[in-house]
Each structure stands twice: as structure tokens, then as C-alpha cells.
Amino acid sequence: MSTDPRLLHWDACLNARDLGGFSTRDRQTTRHHAVVRADNLCRLTAHGRSAVLRHGVRTAIDLREPGEYAMEHDPFSRVELREVDRVEIPLLTRAFRRGWPSGLEGHEVDLLCLETCSDAIATVFAAIAAAPTGGVLLYCHAGKERTGFAAALLLELAGVDRATIAREHALSDEHLAALYAAWLDAEPDPEERQRLRNGLRTKPDQMGLTLGALDELYGGIERYLLDSGLEQADLHAVRARLVE
């Protein structure tokens, strides 16, 4: 059983985590119930959907692409989530897809996302700034790559230590072990199964390298967001929402 204190037991999400309780470099703490990261909410049972509402979530930002929506049922059509507003902001742009060569993984994918998805990233932050009172939830399919990338940028803006951000990012592998096993079992080709196995797990230094590149290439998280079109007031609003 996981010992991660931020893991939320929302039946049947695997990778839902509250981003509260992290210390920041200026001796503050990230706020509980402010921002949650999660895997696909389509997995939630009625009990799990009720748990989302009880946790205080009132805005859910869907980072998936529109083509993914119809693949599974819509949890927001269920009565338990009637008070939650869903906002669609596909994180990966067409420019990202055009520039994504076969075999690109991990830190290199993060760099391509910083380069080609800046408008979408700024839109996510603006949506968090504009969200009404209540918790904000970010989710994609596994809650690892798109959601993990966005969560790391949020914690960077909050001022959380980068080693802590990197560890938090890598925890998805622990929580998604059952999903990884199902994916591997469903792959009939041994070579493809091995390729998949090799590519599933996050390298421990991935997010540390990415945040270092954010400094070197873009001048840090604040400069990156402002240059991407985020208003200064929204930047302050997101930080105020995150940190107490």
C-alpha cells in the first residue's frame, strides 16, 4: 500500500493527489484542497465521484485532446459531479504533435512542450486564476505526463524545492503500477511489450532537468508564463491560490 500522504483514495482513480502540504523556499506551505492532480475521472465510481465533491473540487480542467473525450463515458453527466465545472484545455498543441518524432521521451518531451505549448500552458494557469471558490482539479488519462508536467510548473511557481518536485513527479510510477501491468498484459508482441516496459517509468532526474532548462532557456517560470501571455494579476492569483 502506498505511503504517499497526498494520495486521495477516490474509487477508482489510481493517481489522484492533493498538491497541498509542500514547504516552499520562503518558508510557506502549499495549500491543501487548492489544486489536485488526477488520472482519468472516467474511472470513478459513484462513490469516487462523491469523494471528489467532498474534497472541495469545484473546477476540473481536462488536459486531454478532444479525440479522447468520446472514448469513455462522461463523469460530469452524473449527478454526483453536478456542482463541478469542467474546462477543456488540451495541453498538447498541433505544433507539439508535428514536432514530436518517434522515440522522443521524458525530458525531451518536456522541452518540446515548453517550446510548442506555451499558449495552452498560459491558458491553464489563467483558468486556475479565474476559477471560482473551491478546489481545482487537473487531469488527463494517466495523470502522469500532461498532468504531471502542469503540476510541476505549478509547484515551481509556488516555490517548492526542485528535488521535492522531481520526487513528487516520479511518484506516478508507484501509483500506476496496476495500470502499467494491464497495458503490458494487453500487448501481444514481445518486442513491443519490452519497448513499452522500458518507456513507462520516469527517470528520477527528468523534472529537475526540465526545470533547469526552464531557467536557462526562458528565464524561469514567471518570465515563461508572462511571455506566454499570462497576465501579471493572474500569475499572482495562481500563487495566492497555491500558497498559504
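## Before we start

Residues are numbered from 1 along each chain as its sequence is written. Because the model is predicted, local features need pLDDT of at least 70 and side-chain atom pairs count only at pLDDT 80 or more, while totals for chains, interfaces and linings use all residues; side-chain values use heavy atoms, with hydrogens and water left out.

## The sheet

Let's begin with the strands. Five of them form an open, mixed sheet in the order S1-S2-S5-S3-S4. Here strands (E, at least two residues) and helices (H or I, at least four) are DSSP runs numbered from the N terminus, and two strands pair if DSSP finds at least two bridges between them.

At the edges sit S1 (17–18) and S4 (85–88), each pairing on one side only. S1 pairs with S2 (residues 35–38) in the antiparallel sense, over two bridges.

Helix H6 (residues 146–158) lies across S2 and strand S5 (135–139), running at about 155° to S2. Angles run from 0 to 180 degrees between N-to-C directions, and axes are lines fitted to C-alpha atoms, for helices over the stretch in contact.

The axes of H6 and helix H5 (residues 118–130) come within 11 Å and cross at roughly 65°. Which residues in H5 and H6 meet? Ile121, Phe125 and Ile128 in H5 meet Phe149, Leu153, Leu154 and Leu157 in H6, where contact means heavy atoms within 4.5 Å. By class, this contact has seven nonpolar residues, no polar and no charged ones. Ala, Val, Leu, Ile, Met, Phe, Trp, Tyr, Cys and Pro count as nonpolar, Asp, Glu, Lys and Arg as charged, and the others, Gly among them, as polar.

## Two pockets

A pocket is an open set of points on a 1 Å grid over the protein atoms alone, where a 1.4 Å probe fits, with protein on both sides within 12 Å along at least five of seven lines; lining residues have an atom within 4 Å of a point. Of its 36 lining residues, Trp100, Val109, Lys144, Glu145 and Gly199 are the closest to its centre. Helix H4 (106–116) gives the largest share of the lining, six residues.

The second largest pocket holds about 210 Å³ of space. Its lining includes Ser2, Trp10 and His175, and by class has six nonpolar, three polar and two charged residues.

Definitions and conventions
Grid points are joined across faces, edges and corners, and a volume is the space filled by probe spheres set on the points.
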